[in-house]
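Biologist: I would like to learn how to read a protein model. Please take one feature at a time.

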Amino acid sequence: MAFRVRGVVQLVSVFSRPIRPSSTLSHRIKVTTFPRQCSCLIWRSFHTSSSFNSSYEDVPNSEWQKKLTPEQFYVCREKGTEEPFTGMYYSHYEEGVYKCVCCESELFSSKTKYDSHTGWPSFYAVYGSKGDDESETNVMRRSDNTYGMRRTEVFCKQCNSHLGHVFNDGPPPTGQRFCINSISLDFEAKEMSE
């Protein structure tokens with residue numbers, strides 16, 4: 001449960017210990033011992049609070065392992081790839097926003113999703129981008145030369161979570177294909193304006 005006390009959000013864990021924004025992430029992660037749906041609601045209540053200034057730079061892998069499933073950890077933190085045509089968002093076309101599974105940052109809109117027939121969810125633009133300008137978005141790019149290939153990795157700007165790769169073989173208007181692992185995403189259904 002989330003309570004607002006003097007403008008500060010506190011959470012009550014199963015350990016009957018209040019969790020404050022000044023405490024370490026390891027204390028906040030303990031709420032994931034609740035069932036997944038409940039823990040997500042508690043985490044979101046805390047994470048979206050204006051009094052919480054998130055910093056994921058110092059989060060050790062041991063804490064991510066507590067928060068994520070083993071499959072999510074492998075893809076998001078160890079830069080793995082899920083099997084093609086198996087992800088829950090591959091054939092998903094509900095209207096809304098795709099978010100980072102690690103930090104809930106908005107990453108892609110259903111308006112830019114398309115079927116690339118590659119086996120992974122594909123988008124032709126990042127959520128919040130203005131033409132070629134992605135500076136105000138939650139997605140970053142970096143060179144990836146693993147496995148003897150030259151690719152461009154895309155990752156969450158807020159928590160450094162691996163999302164997938166971007167290629168220059170997408171549809172107009174951008175000509176880009178953001179090939180994203182479903183397991184690195186959450187989805188929030190909502191009506192999207194034009």
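Modeller: We will go through the core, the strands and the salt bridges in turn. This is a predicted model, in which local features need pLDDT of at least 70 and side-chain atom pairs count only at pLDDT 80 or more, while totals for chains, interfaces and linings use all residues. Residues are numbered from 1 along each chain as its sequence is written, and side-chain values use heavy atoms, with hydrogens and water left out.

Biologist: How do I read a nonpolar core, and which residues touch the most other members of the largest one here?

Modeller: In soluble globular proteins, nonpolar side chains tend to be buried together. A nonpolar core is a set of buried Ala, Val, Leu, Ile, Met, Phe, Trp, Tyr and Cys residues joined through side-chain atoms within 4.5 Å. Buried means under 20% relative accessible area, exposed means over 50%, and partly exposed lies in between (1.4 Å probe, protein chains only). The largest core here has 26 residues, and Trp-64, Cys-102, Leu-107, Phe-108, Cys-159, Phe-178 and Ile-180 touch the most other members. Elements that give two or more residues to this core include α4 (70–76), β4 (96–100), β5 (106–109), β9 (151–156) and β11 (177–180). Such helices (H or I, at least four residues) and strands (E, at least two) are DSSP runs, numbered from the N terminus.

Biologist: What is Phe-178 in contact with, leaving aside its neighbours within four places in sequence?

Modeller: Contact means heavy atoms within 4.5 Å. The partners of Phe-178 include Phe-108, Pro-121, Tyr-124, Val-154 and His-165.

Biologist: How do I read strand pairing, and which strands does β4 pair with?

Modeller: Two strands pair if DSSP finds at least two bridges between them. β4 runs antiparallel to β12, with five bridges joining them, and Gly-96 stands opposite Ala-189 in β12. β4 is also antiparallel to β5, with three bridges; there Tyr-98 has Phe-108 as its bridge partner. The hairpin of β4 and β5 has five residues between the strands, and in it Glu-104 takes a positive phi near 70 degrees. Five of the five residues of β4 are buried, so this strand is largely enclosed by the rest of the structure.

Biologist: Are the faces of β11 covered or open, and which residues lie on each side?

Modeller: Both faces are covered: Arg-177 and Cys-179 on one side, and Phe-178 and Ile-180 on the other, are all buried.

Biologist: Which residue forms a salt bridge with Arg-177?

Modeller: Asp-169 does, with the closest N and O atoms 2.8 Å apart. Arg-177 is buried, with a relative accessible area of 10%, and Asp-169 is partly exposed at 49%.

How values were computed
Salt bridge = Lys/Arg side-chain N within 4 Å of Asp/Glu carboxyl O.
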